[in-house]
Every structure is written in C-alpha cells, then in structure tokens.
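Colleague: I'd like to learn how to read a model like this one. Could you walk me through it?

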Amino acid sequence: RLIYSTITAPYSRDPLDADSWANMPVMRMLHLTPIEINRHEDLASTVLSSFSYNDKSHELHWVVKPGLRFSDGTAITPEDVAFAVLRMAHKRPKFPVIRDIVGLSSWLKQRAPLTSWPTGIRIDGKNIQIRFERKVSRPLHRFALEIFSIIPRASVDLTSGNLKSGAVPTSGYYELASERNGSIDFKLRPEFSMIHGEAAPRSIRFEYIPASKVAVAASALDPLTVIAGNDHYLNPLELKELEKR
C-alpha cells in the first residue's frame, strides 16, 4: 500500500504525459521502458538482452529480447520498442538526446512522419540502432524515463500521433486490477515474479490522501504501508508522530 500525499490521481495514461508528477508513478507500474534503473542505481533492462552506446561513432545499440508480450497477449516487437523513441521525436523533437538523432529534421517535414523512420533509427531483426549527429551525454539514462514507456505501435494513430480510443495494452510488471475514487489497485502479471532479481509484491494499492489528512490516516497504518510525500506540508508535531511509526 503506497499513499501519495502531495500528488493527485493521474489525469492521463499517455506516455507522452508521463513527466507530470501525477502520471509518472502509474506509468512506471503499467509499462516497461527500454532502459531501467534498478535498486542499486545501475542501468538494467527487462525488454533488452543487451544495450550499449559507442562514444566514438555516436551510435546506440539495443537487442530486444524475444518472447515478451503485452497484457493482451500480443508480442512486444523491436518496432514497438523503437516507436517509444519515435513518438517522442515526433511530439517533442527538441528533447535532449532526441534532438540529435540523425535525419530528424527532414523526417519531421514529411506529411505523416510516424509512418516511417528517420535515417538515424534502423531496425534489423531484433536489433535497434540509433545514430546521433554528435556525442551525446549519457543517452541510455534518458531512455529510462517514463515518457519512453513501451506501448503497441498499433495503439497510436500514425497520422496524428494520438492514442486511439480504447484501453492501451500494457507492457509492464503490473496491470490494472481496479480503480475507484482515491485509489488504484495493481496486480502483478504472471510472467513477472521477479523484478531485476528482487521478489515483487503480488498486489500494490496506490492511495491519494491530502497531506492535511495524512496524520489521521497514519494512525491505522500497518507495516506494509508507505507514505510518500514532503515534510514541507506537515507541521513538526505531525511529522514527529509519523516518524514514530
């Protein structure tokens, strides 16, 4: 049980909105990103069997694992993984690292860019290559951000770049179990009993409780509950009580 006291429930399930604090935690639960940061703060990946960046050639290489599937049972393809980058390039071409992809400017001038790939993105079987115009700083870390959440390419209108109507199949460790006012329940997908070597809880509930009510809610906390917030919103007496628990 994870209580958020300084953010609201999400207003969007679109990865392109995932750098909003309200949307970020839910997006992380529901979708994989090409790169992840594990609990030891090392780069890791569930969707890639290998990843590297060549500082001299300015090339990034990813190899997509076979056998991974979205929540609707369809395969996660290399095109789906690369499309997480492509969609950001279309919507926010000035984003760091993205802006340096070879051929981006000419690609954006096309009538429907998302129906093709810039010259700097190449897919060959399970291999993805992304080339940059110049040396870029720590590009792999950028692709760990929630805005690069992997969704099916088929869920996006390739003309507008917007999500199609209907639920978007998820790629992540958890799927939505239920949602009601003030809380969201997630259940672990059967194929993910471990996350980077760590046992994963079978279910997690997000609750959204205003900071003004957190001290009252804390009186009924159990050992499996965590409050995420900011002590700036609590007076010293409330904080002292919370710290006891």
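Predicted model: local features only at pLDDT ≥ 70, side-chain atom pairs only at ≥ 80, totals over all residues.

Colleague: In what order do the four strands of the open sheet lie?

Modeller: Two strands pair if DSSP finds at least two bridges between them. Strands (E, at least two residues) and helices (H or I, at least four) are DSSP runs numbered from the N terminus. Here the order is S4-S5-S7-S6, with antiparallel pairing. Strand S4 (48-54) and strand S6 (121-124) are the edges, each pairing on one side only. Six bridges join S4 to strand S5 (residues 59-64), and Leu48 has Val64 in S5 as its bridge partner.

Colleague: How do I read one face of a helix? Which residues of H5 are buried?

Modeller: An α-helix has 3.6 residues a turn, so residues three or four places apart point the same way. Buried means under 20% relative accessible area, exposed over 50%, and partly exposed in between (1.4 Å probe, protein chains only). In helix H5 (residues 211-218), the buried ones are Ala211, Val214, Ala217 and Ala218. Seen down the H5 axis they fall within an arc of 90 degrees (taken from the directions from the axis to the C-beta atoms), so they line one face of the helix. Ser212, Lys213 and Val216 are exposed on the face turned away from the buried side. The cover over the buried residues of H5 includes strand S13 (226-228) and helix H6 (236-244).

Colleague: And aromatics: how many pairs does a search of the whole structure find?

Modeller: Rings of Phe, Tyr and Trp (its six-membered ring) pair if their centres lie within 6.5 Å; planes under 30 degrees apart count as stacked, over 60 as edge-to-face and the rest as tilted. The search finds eight pairs. In one of them, Tyr173 and Phe192 have ring centres 5.0 Å apart and planes at 80 degrees, so the pair is edge-to-face. Both Tyr173 and Phe192 are buried. Phe186 and Phe206 are edge-to-face too, because their centres are 4.9 Å apart and their planes are at 65 degrees. That pair links distant parts of the chain, with Phe186 in strand S9 and Phe206 in strand S12 (residues 203-208), 20 residues apart. Tyr4, Phe186, Phe206 and Tyr208 form one aromatic cluster.

Colleague: Which residues touch the most other members of the largest nonpolar core?

Modeller: A nonpolar core is a set of buried Ala, Val, Leu, Ile, Met, Phe, Trp, Tyr and Cys residues joined through side-chain atoms within 4.5 Å. The largest has 58 residues, and Trp62 and Phe206 touch the most other members. H2 gives the most to this core, with eight residues. A second, separate core of eight residues includes Ile3, Ile209, Ala218 and Leu221.

Definitions and conventions
Residues numbered from 1 in each chain as written. Heavy atoms only, no water. Contact = heavy atoms within 4.5 Å.
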